[in-house]
Every structure is written in C-alpha cells, then in structure tokens.
Amino acid sequence: MGQEWQKAWKNLQDIYRASEEAEARYHEMWPDLPSILTKTEQDWEYGLCAHPNHATEATFDADLVEQFRRKPIIRGVQQPAPERRLNRIKTVLEPWPEAQARADEIVAAWDKYRAADKAAQEQSGFAQANKDECEVVQALHELEERIARTRAHSPQGMLVKAHIAATDPAAIATVDDLERAIEERLDTVNFIGRSLILDVLHINSIFGVNRTHTE
C-alpha cells in the first residue's frame with residue numbers, strides 16, 4: 001500500500017500542475033460580465049434589487065437571476081373598493097410589463113454569459129482538469145483511509161504513515177526532512193497521526209511490551 005500511495009501521490013502532483021496550467025488558460029479566456037447585469041436606479045424602482053448605492057453587489061447574481069426565472073414580476077395597484085365601509089381602496093396584484101421585460105433581459109444576458117464561461121472552461125481544459133483532480137483526490141483519500149486503518153507490523157510500515165502525515169498536498173510538497181516536517185505539523189488535526197499512535201501500541205504488543213501504565 002505504501003508503493004501504491006507513492007504512485008497516487010505522484011499522480012496527484014501531476015494533476016495539480018496540469019490544473020494550474022488549465023486555470024491560467026481559462027482566466028485568459030474568461031468572458032467579461034455583460035453591462036446589462038449592472039444594477040441601476042430603474043431596477044430599484046422596479047423592485048428588482050436594493051438601491052444600487054446600498055446593494056452589497058453592484059451586479060445581479062445567480063440567486064436573483066434564478067428568482068426572476070421562477071417568478072413573474074408583479075406589482076400592487078390600488079383600486080376603488082366601494083363595497084368597503086371605511087377604507088374604500090384595495091390593493092390588487094397585477095403583472096408589471098416594464099419590470100418583466102427588464103427581468104427577462106437580465107436572465108437572457110446571464111444565460112449568455114454562463115454559456116460563454118462554460119465554453120471557456122471546456123476549451124481551456126479547466127473543466128476536465130477539475131474533474132480529474134476531484135477523482136484523484138478522492139482515490140488518494142480512500143487509499144490513505146485504508147492505510148490508516150491497517151496496523152503496521154514493522155518500523156517500515158510506520159514510516160509509510162509518517163511520510164503521509166508529513167506531506168502537504170495543498171503545497172504540492174515532497175518530504176526531504178521527515179522529522180522536521182512532522183514537527184511542523186504537530187498542531188494540525190491529522191488522522192494519520194492518531195493511527196501512528198495505535199501502531200506504537202500495536203508493535204509494542206507484538207514484542208511483548210506491557211502497555212499498562214505503572215508508577
């Protein structure tokens with residue numbers, strides 16, 4: 001399993017490098033956000049967003065676009081209600097054509113932007129690189145879990161786990177000084193480290209060392 005892990009780790013390093021190259025190409029092809037998606041005073045008057053001066057985002061986001069896609073734009077209109085004794089006015093809801101046209105424009109612009117973004121991801125290889133990375137990371141995690149749940153029977157077996165515990169996938173780093181690398185990660189939560197403690201107990205048991213604490 002140690003040899004299998006070394007191959008998987010090398011594969012992950014290669015995938016990370018390929019992913020970084022694909023991401024750089026993707027950013028070069030990244031489409032500009034259409035100006036139609038910028039919030040305006042009129043959008044606020046239509047009730048499509050918060051006032052542009054107070055809005056968290058200057059442009060319409062995915063949540064608002066999906067809201068426009070699902071729900072028709074309506075407004076409340078006051079109408080005479082002579083049947084009412086005190087307040088002879090009632091509010092009714094009706095379609096808001098001008099606001100609906102603007103909402104439809106926003107949805108169309110968003111869909112066009114997302115299609116262009118998806119095309120850039122595919123043409124740059126970024127989409128495939130992300131998929132490959134997820135698959136390789138999942139396979140590596142499953143292998144590390146198997147290794148963690150398997151008790152070592154020799155110092156060499158413990159050394160395999162030590163290398164895993166000292167390796168940082170996020171930094172795409174290899175281990176030159178194993179002892180120093182592990183010391184630098186003593187403050188991190190690492191299930192491999194806990195497994196190493198179990199290995200110490202297991203090997204001590206194999207060689208007949210009493211694990212019971214005595215004064």
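A nonpolar core is here a set of buried Ala, Val, Leu, Ile, Met, Phe, Trp, Tyr and Cys residues joined through side-chain atoms within 4.5 Å, where buried means under 20% relative accessible area with a 1.4 Å probe and protein chains only. The views show a predicted model, in which local features need pLDDT of at least 70 and side-chain atom pairs count only at pLDDT 80 or more, while totals for chains, interfaces and linings use all residues. Residues are numbered from 1 along each chain as its sequence is written, and side-chain values use heavy atoms, with hydrogens and water left out.

**View A. The largest nonpolar core has 16 residues.** Those with the most contacts inside this core are L48, F60, V65, F68, I73 and I106. Two or more residues come from each of α3 (62-70) and α4 (97-124), and α4 gives the most, with 6 residues; helices are DSSP runs of H or I, at least four residues long, numbered from the N terminus. Leaving aside neighbours within four places in sequence, I73 is in contact (heavy atoms within 4.5 Å) with L48, F68, P95, W96, A99, Q100 and A103. A second, separate core of 15 residues includes A8, V136, L140 and I147.

**View B. Helix α1 (residues 2-29) meets helix α5 (residues 126-148).** Their axes, which are lines fitted to C-alpha atoms over the stretch in contact, with angles from 0 to 180 degrees between N-to-C directions, come within 9 Å and cross at roughly 160°. The two helices are therefore roughly antiparallel to each other, a term for angles over 145 degrees. By class, the contact of α1 with α5 has 15 nonpolar, 3 polar and 6 charged residues, where Ala, Val, Leu, Ile, Met, Phe, Trp, Tyr, Cys and Pro count as nonpolar, Asp, Glu, Lys and Arg as charged, and the others, Gly among them, as polar.

**View C. S19 lies in helix α1.** The residue S19 is buried, with a relative accessible area of 6%. Apart from neighbours within four places in sequence, S19 is in contact with F126, A129, N130 and E133, which are among the α5 residues that meet α1.

**View D. Helices α1 and α4 pack at an angle of about 145°.** The axes of α1 and α4 are 8 Å apart. The contact is made by A22, R25, Y26 and M29 of α1 together with D117, A120, Q121, Q123 and S124 of α4, and by class it has 4 nonpolar, 3 polar and 2 charged residues.

Methods:
Buried < 20%, exposed > 50% of the residue type's maximum accessible area, 1.4 Å probe, protein only. Parallel < 35°, antiparallel > 145°, perpendicular 65-115°, else oblique.
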